[in-house]
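Here is a protein chain with a ligand to look at.

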Amino acid sequence: MSDSTAGNPLRTNLVNRAIPDPCVLVIFGATGDLTRRKLIPALYNLAADGNLPPSLAVVCFARRDKNHQGFRDELGEAARKHSRRPINDELWNQFASNIFYHQSNFQDAAGYESLSLELDALDQRLGTKGNRLYYLASSPTEFDVILENLRKSGLSQAKPEAWSRLIVEKPFGTDLPSARRLNDAAAAAFPEKETFRIDHYLGKETAQNLMVLRFANTVFEALWNHRYVESVQITASEPLGIGTRSGYYEKSGALRDMVQNHLLQLLCLTAMEPPTDLSADAVRDEKVKVLRALRPLTGQNVGTNVIRAQYQDGFIDGHEVPGYREETGVAPESMTETYVALRLHVDNWRWAGVPFFVRVGKRLPKSGTEIAIQFRGTPPVLFNRQSQLKDPNTLVIRIQPDEGISFRMAAKMPGALLQIEPVKMDFHYGTSFGKATPEAYERLLLDAMSGDATLFARRDEVEQAWQFVDGIRAAWEDGEAENLDFYPAGSWGPAEADQLLAEDEAVWRRL
Ligand code: BG6
């Protein structure tokens with residue numbers, strides 16, 4: 001066990017189960033950005049930490065014509081840019097010697113036959129024992145054909161005494177019908193327990209620690225309900241615009257890109273009941289119950305509970321940036337939202353009446369993802385008699401950056417006067433554990449190699465989340481809800497989002 005796991009009960013438990021098996025990881029669409037920026041750096045860091053199985057081969061399946069060494073060099077260059085730790089040449093060369101390039105079209109059955117032979121040969125040469133992990137990192141439009149070919153070629157079939165698993169990158173569908181179709185295609189080739197749907201927010205260290213915070217401490221869980229909690233705010237804010245992703249983003253928008261997956265997952269971890277154990281299904285059973293308890297937003301309700309907006313030109317870090325409609329590849333009258341704010345309700349015993357305010361946006365002033373639990377104020381006696389104390393207790397879980405947890409409470413300022421001010425107790429991962437937190441993909445790849453699906457979305461979770469989000473989209477498309485609002489780049493979103501909270505006498509937190 002690596003020392004980073006000490007003192008973290010959830011992780012300790014998972015590590016006990018998570019011993020990765022030797023295997024071959026096959027990445028479909030390996031010439032894309034994800035492989036360079038995330039997957040290979042994550043694997044390298046796992047190698048550097050000694051966490052990879054003793055035998056691991058990575059086969060990169062893609063259309064372009066390349067050779068093994070040329071591609072290794074390209075990946076090496078990318079790893080130097082994107083790895084969280086500096087690249088050690090000797091270690092890199094050793095790691096990269098087990099990366100192979102397999103050129104084929106995704107449609108070409110012969111490409112899968114030759115892949116099959118290549119994988120068998122790698123088993124012989126490297127001792128990867130017939131275990132296969134297929135990673136769909138191509139464009140989502142190719143997922144179906146790859147799955148079909150994996151099934152037809154027999155590659156998806158586990159060999160005796162071995163396993164065959166599937167990882168699917170997001171976006172997992174674009175609405176409920178497409179997610180169902182993709183789930184059916186995956187189910188035709190792989191059993192559900194071998195299907196790993198990525199939501200990289202679940203791999204973030206602090207997201208995992210939400211369960212530890214809640215269920216390994218006595219104090220918080222006792223207060224974690226409508227009797228003590230006034231409201232919950234979940235924010236994911238990014239200064240970045242859409243960069244080169246207009247083709248994808250124009251069709252997606254913030255609701256599908258971030259809310260359907262990452263934000264709803266964070267909400268589930270915040271609102272779920274304690275699972276009976278830490279097994280993948282016990283945890284996911286509880287999360288899906290939260291999604292089922294979400295009060296549906298449809299028709300007129302969307303207009304009163306959801307704000308959608310788009311960034312206009314403005315300033316980020318003192319630099320002028322264009323508006324969304326001026327970005328390359330974006331339609332001049334695009335109605336795609338780059339910001340959404342929602343008021344949600346989880347209609348169950350624990351959360352009845354507590355609003356969950358969720359917001360996500362691009363071109364906001366600061367990068368930050370956090371969950372803030374705002375507790376109720378004290379009764380109107382003693383210090384609270386004259387006027388309501390401002391700044392009631394708030395517990396903030398910082399998912400990123402500066403991962404940590406802080407708790408705001410009231411304290412008396414030193415001196416003869418009775419003056420009460422808010423103060424903070426603050427815990428930072430960096431200083432408390434003295435080491436950098438691993439990247440989400442490190443944890444997720446390791447878990448998939450170990451067959452632990454706890455941090456991956458299950459079929460019913462994904463479909464339930466789409467059902468919820470589709471209701472909102474349908475209202476937007478029918479024009480039943482208010483139109484698109486606008487905000488200058490570098491601001492905290494449109495005034496309408498402030499108004500949404502004002503209706504509940506709340507204000508958005510400043511990150
Ligand atoms: C991705 C979205 O899933 O998450 C992007 O497609 C977004 O639009 C990204 O920028 C945010 O991830 P992170 O880890 O940087 O918060």
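What follows is a short tour of the chain, its ligand and a few local features.

This is a predicted model, where local features need pLDDT of at least 70, side-chain atom pairs count only at pLDDT 80 or more, and totals for chains, interfaces and linings use all residues. Residues are numbered from 1 along each chain as its sequence is written, and side-chain values use heavy atoms, with hydrogens and water left out.

**The whole chain**

Let's start with the big picture. The chain has 16 helices and 17 strands; these are DSSP runs numbered from the N terminus, with helices being H or I of at least four residues and strands being E of at least two. Its radius of gyration is 24 Å, close to the 24 Å that the globule rule gives for 511 residues, so the chain is as compact as a globular protein of that length. (That radius is taken over C-alpha atoms, and the globule rule is 2.2 Å times the number of residues to the power 0.38.) Along its principal axes, the C-alpha trace spans about 80 × 50 × 45 Å. Of the 511 residues, 55% are buried, where buried means under 20% relative accessible area, exposed means over 50%, and partly exposed is in between, using a 1.4 Å probe and protein chains only.

**Around the ligand**

Which residues surround the ligand? They are Lys170, His200, Tyr201, Lys204, Glu238, Arg245, Asp257, Met258, His262, Lys362 and Gln400. To count as near, a residue needs a heavy atom within 4 Å of the molecule. Sorted by class, this shell has two nonpolar, three polar and six charged residues. Here Ala, Val, Leu, Ile, Met, Phe, Trp, Tyr, Cys and Pro count as nonpolar, Asp, Glu, Lys and Arg as charged, and the others, Gly among them, as polar. Helix 10 (residues 246-271) gives the most to the shell, with three residues.

The table lists three of them.

| Residue | Distance from a polar side-chain atom to a ligand oxygen atom |
|---|---|
| Lys170 | 2.8 Å |
| His262 | 2.7 Å |

Taken alone, the ligand exposes 400 Å², and the protein buries 78% of that. Those areas come from the Shrake-Rupley method with a 1.4 Å probe.

Most residues other than glycine have a negative phi, and most peptide bonds are trans. Now for some exceptions. A cis peptide bond joins Lys170 and Pro171, with omega at about 0°, and Pro171 sits in the loop between strand 5 (164-168) and helix 7 (176-189). Another cis bond links Gln400 to Pro401, with omega at about -20°; Pro401 is in the loop between strand 14 (394-400) and strand 15 (404-412).

Lys129 has a positive phi, near 60°, and belongs to the loop between helix 5 (109-126) and strand 4 (132-136). Arg363 also has a phi near 60°, in the loop between strand 12 (355-362) and strand 13 (368-375). Buried or exposed? Lys129 is exposed, at 61% relative accessible area, whereas Arg363 is buried, at 13%.

Conventions: A polar contact is a pair of N or O atoms within 3.5 Å; within protein, one must be able to donate a hydrogen and the other to accept it, and residues adjacent in sequence count only if both atoms are side-chain atoms.
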